Amino acid sequence: VWAASAGRGPNLRVRGVKGRRVPTRRDLAIFGGYVLAAAVYITVGVTTVDFLLSFWTALAYVLVAVWLVPLTVSKIL
Amino acid sequence: VSWAAHDLEPYAIQRHSVLKLAFVPLLLGSYSPDMMSKWFVYGIHIGGWELKARDPAQFHRGWPGLGFTHSLLWGVVIGLLLWKGTGSKIWGISFLVGQWAHALTDTGDTVGTMLFFPWTYHFHLGAWAYAGQTGRFTDAAAYFSGLGAIWDLMFLAYGLYSWRALTGRYFDEEIFPADRSWSFANRWIPQAALLAAYRAAFFYGSSRWIAWTIWAHVVHHFPYDLTWGGPHWVHAAHP
């Protein structure tokens, strides 16, 4: 006589973004990309402070650094 | 004056508001009071000419001047115009909330804002020095040496704590459906670029907070003064 095996856990756990307490690896990878982009932005900004003065400059920079460049690189590779 | 707070506050407000808000007009409202006036407060050079207000604090926050742009009534007026002009109630309300956040935040400095304009009394907590009249760079050095920088830092820390509000899923589920302007823009711009644009103000606020702090305290060695009304090494303007 064997003890009944423990029941399997659920195959799928449905949880919305609001309930997620810990970032996924993908979230962290995206965050890492922004941190890298921010490090470059801050370095340029500290040496050339005019770079820090405009939201539009920052918007253009973000679009290039975290969208256009990765998109171009992924298409080339 | 506040620096990064106007970039960061809309994320916290949007996430916790009981009202359904659209992010674009909320951010627009948060920026709007300074849009017409800040360039003339710091001054600009056109050729050999310098255009600058004779009394920057008065021009920026007072009456006569453009101080009414920092009043609650101004938010109502522009919010109503946006509502009627765009036909979108959510745009009007979101602009109003963003503009009110700006007007209330700026009561933190020594000049404060005429919240109940046409009543010209300046509501001010005096927590950090208003130094706009000293020029952009001294103003930056002063702001990032006093309690204003701590106010910004709170929103930066809160934004990182509320990281879900910056995820792609939150954008898809909450931000994008709340405002038709995103789907309109999505006709020409891919959703991934729109997501980056949504995050841009947070990126800008947090990055420039760090950059100005390094500039003021590592490159230039301005002293910190976190006492009420500080930093006291700069001449603070008062109403």
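**Close-up 1. The crossing of α1(B) and α8(B) is left-handed.** In this predicted model, helix α1 of chain B spans residues 5-16 and helix α8 of chain B spans residues 147-161. The two pack with their axes 9 Å apart, at an angle of about 45°. That angle makes α1(B) oblique to α8(B).

**Close-up 2. Here are the residues where α1(B) and α8(B) meet.** From α1(B) come B:Ala5, B:Leu8, B:Glu9, B:Ala12 and B:His16. On the α8(B) side, look for B:Trp151, B:Asp152, B:Phe155, B:Leu156 and B:Tyr158. Sorted by class, this contact has seven nonpolar residues, one polar residue and two charged residues.

**Close-up 3. Helix α7 of chain B has buried residues with several helices among their cover.** This helix runs over residues 136-143. Its buried residues are B:Asp139, B:Ala140, B:Ala141, B:Ala142 and B:Tyr143. What covers them includes α3 (38-42), α8 and α11 (191-219), which belong to chain B.

**Close-up 4. B:Thr113 sits in a loop of chain B.** The loop in question lies between α6 (89-105) and α7. B:Thr113 counts as buried because its relative accessibility is 0%, where buried means under 20%. Who surrounds this threonine? Setting aside neighbours within four places in sequence, B:Thr113 is in contact with B:Arg61, B:His70, B:Ala103, B:Asp106, B:Thr107, B:Tyr121, B:His122 and B:Phe123.

Conventions:
Residues numbered from 1 in each chain as written. Chains lettered and ligands numbered in written order. Predicted model: local features only at pLDDT ≥ 70, side-chain atom pairs only at ≥ 80, totals over all residues. Heavy atoms only, no water. Axes fitted to C-alpha atoms, helices over the stretch in contact; angles between N-to-C directions. Helix = DSSP H or I, 4+ residues; strand = E, 2+ residues; numbered from the N terminus. Parallel < 35°, antiparallel > 145°, perpendicular 65-115°, else oblique. Left-handed = near helix turned anticlockwise from the far one by under 90°. Contact = heavy atoms within 4.5 Å. Nonpolar A, V, L, I, M, F, W, Y, C, P; charged D, E, K, R; others polar. Buried < 20%, exposed > 50% of the residue type's maximum accessible area, 1.4 Å probe, protein only.
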